Amino acid sequence: MALRICVYEDTKFTQFNPLTLTRPVYTLRAGIMPLFRRAGRMFVDSELCLVSREQVAALLAEQFKDYPVNIIKREKGSDVLFLNGRVRSFGDLPNLVKEARLSTVFKHDGETVAILFKPESMSTVSALATPEIYMAAYQNEASEFPDLSTSATLYNYLWEIVADVESEIVADFGRMKTTAPPGENIRVYQGAYLVNNENILMGNDVEIAPLALVDASKGPVYIGANVRVEAHAAIYGPCFIGANSVVLAGKIKASSIGHTCRVGGEVEESVFHAYVNKYHAGFIGHSYVGPWVNFGAMTTNSDLKNNYSTIRSTVNGESLNTGSQKVGSFIGDHTKFGIGTLLNTGINIGACCNIFGGGLTSDKEIASFSWGNTGSYRKFALDKALETVRVVAERRNTSLSGREADLLKAIHEGRVDRTGVIDL
């Protein structure tokens with residue numbers, strides 16, 4: 001019988017702000033696929049459902065219609081695995097779950113990675129139930145769930161996800177190379193250059209213009225359907241370009257670019273979630289950029305200090321040593337940058353900000369809905385911010401949903417609802 005896997009959020013979701021202001025951590029991406037979808041590959045014959053806090057659940061269900069959200073349906077006699085959405089490496093966890101004969105809590109360095117419910121522990125749980133019912137059953141029988149150590153590891157901060165971009169693209173590409181059908185109607189024009197062609201996959205209706213370069217000599221490149229790579233653009237693997245995106249003149253290296261992005265200039269070892277607009281020159285490196293972010297011409301971030309020391313980043317007011325020499329920017333949904341904006345190393349910028357005025361933005365953390373630049377911020381009025389969101393969405397032939405508008409309103413008002421978070 002199919003194993004039911006419930007990917008859940010725990011109390012550390014805020015450590016991935018500003019991106020998790022508007023989504024669960026497991027919908028973030030290091031490679032080609034969102035983090036939660038790796039579970040379906042690691043556990044054969046499994047079925048996925050998503051468990052999230054109520055504040056983002058409605059929008060999550062709207063965006064991921066193929067997966068049940070906060071409702072768990074299982075077959076009689078089947079097992080249910082609650083899997084922490086922060087899983088970084090699965091290690092020996094799949095084998096441990098397969099071999100387990102008892103309901104078990106799997107831990108790494110004292111943190112819960114997963115909880116396996118065997119049928120005998122679900123006698124009070126109906127075949128169709130909520131996550132809260134499962135957690136109540138666990139609390140009632142916790143003494144019957146032995147702890148077992150696993151080599152599986154967990155993400156703790158966004159810069160760790162960014163650090164895995166190259167390895168995760170390689171891993172996802174390896175799986176997709178054996179399963180993805182060959183693209184149709186691909187047009188590689190004379191004068192375009194593909195290097196190590198056997199390590200390049202393309203979807204339907206891809207166009208590679210004359211004088212464009214796709215170089216997979218140092219890692220694979222996956223280009224999604226309906227992508228156009230324009231003249232004087234260079235893509236260096238490992239790299240992922242999502243469907244319906246346009247790559248303009250410049251260089252993209254070791255990055256994961258989501259769907260419907262427009263990307264030019266220089267991008268290195270970064271994740272662009274979706275609908276990101278970086279049309280002009282400027283450098284973005286070692287960063288995670290949320291959807292609908294717009295970079296004005298020559299917007300550039302620093303990802304390396306002049307003295308080559310490790311970079312500190314501020315998350316929820318706490319200054320943290322990332323332990324890395326290269327850390328760029330973490331940018332929330334719908335934030336916009338005026339021309340010539342320069343961003344400090346390790347900067348954390350919230351949702352719906354409007355940063356302009358040129359010069360260096362020297363802050364380490366900027367609150368959501370900030371308007372202005374260092375030393376002169378005021379709060380962006382909600383109605384004006386939502387008006388901008390709607391206009392930009394219409395330019396991409398989509399619209400702002402009522403659920404997203406409600407969530408942005410909650411962020412504007414500073415409301416953080418933790419209902420539905422699993423605290424273990």
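The structure is a predicted model, in which local features need pLDDT of at least 70 and side-chain atom pairs count only at pLDDT 80 or more, while totals for chains, interfaces and linings use all residues. Residues are numbered from 1 along each chain as its sequence is written, and side-chain values use heavy atoms, with hydrogens and water left out.

A salt bridge is taken here as a side-chain nitrogen of Lys or Arg within 4 Å of a carboxyl oxygen of Asp or Glu, and by this rule there are 19 salt bridges. One of them joins Arg41 to Asp172, with 3.5 Å between the closest N and O atoms. Because Arg41 lies in helix α1 (residues 38-42) and Asp172 in helix α6 (residues 165-177), this pair ties together parts that are 131 residues apart in sequence; helices (H or I, at least four residues) and strands (E, at least two) are DSSP runs, numbered from the N terminus. Asp172 is buried, at 1% relative accessibility, whereas Arg41 is partly exposed at 29%, where buried means under 20% relative accessible area, exposed over 50%, and partly exposed in between (1.4 Å probe, protein chains only).

Another salt bridge brings together Glu62 and Arg403, at 3.0 Å from N to O. Glu62 belongs to helix α2 (residues 54-63) and Arg403 to helix α8 (residues 402-412), so the pair ties together parts that are 341 residues apart in sequence.

Between strands, Lys107 forms a salt bridge with Asp147, the closest N and O atoms lying 3.5 Å apart; Lys107 is in strand β6 (residues 104-108) and Asp147 in strand β9 (residues 147-149), 40 residues apart.
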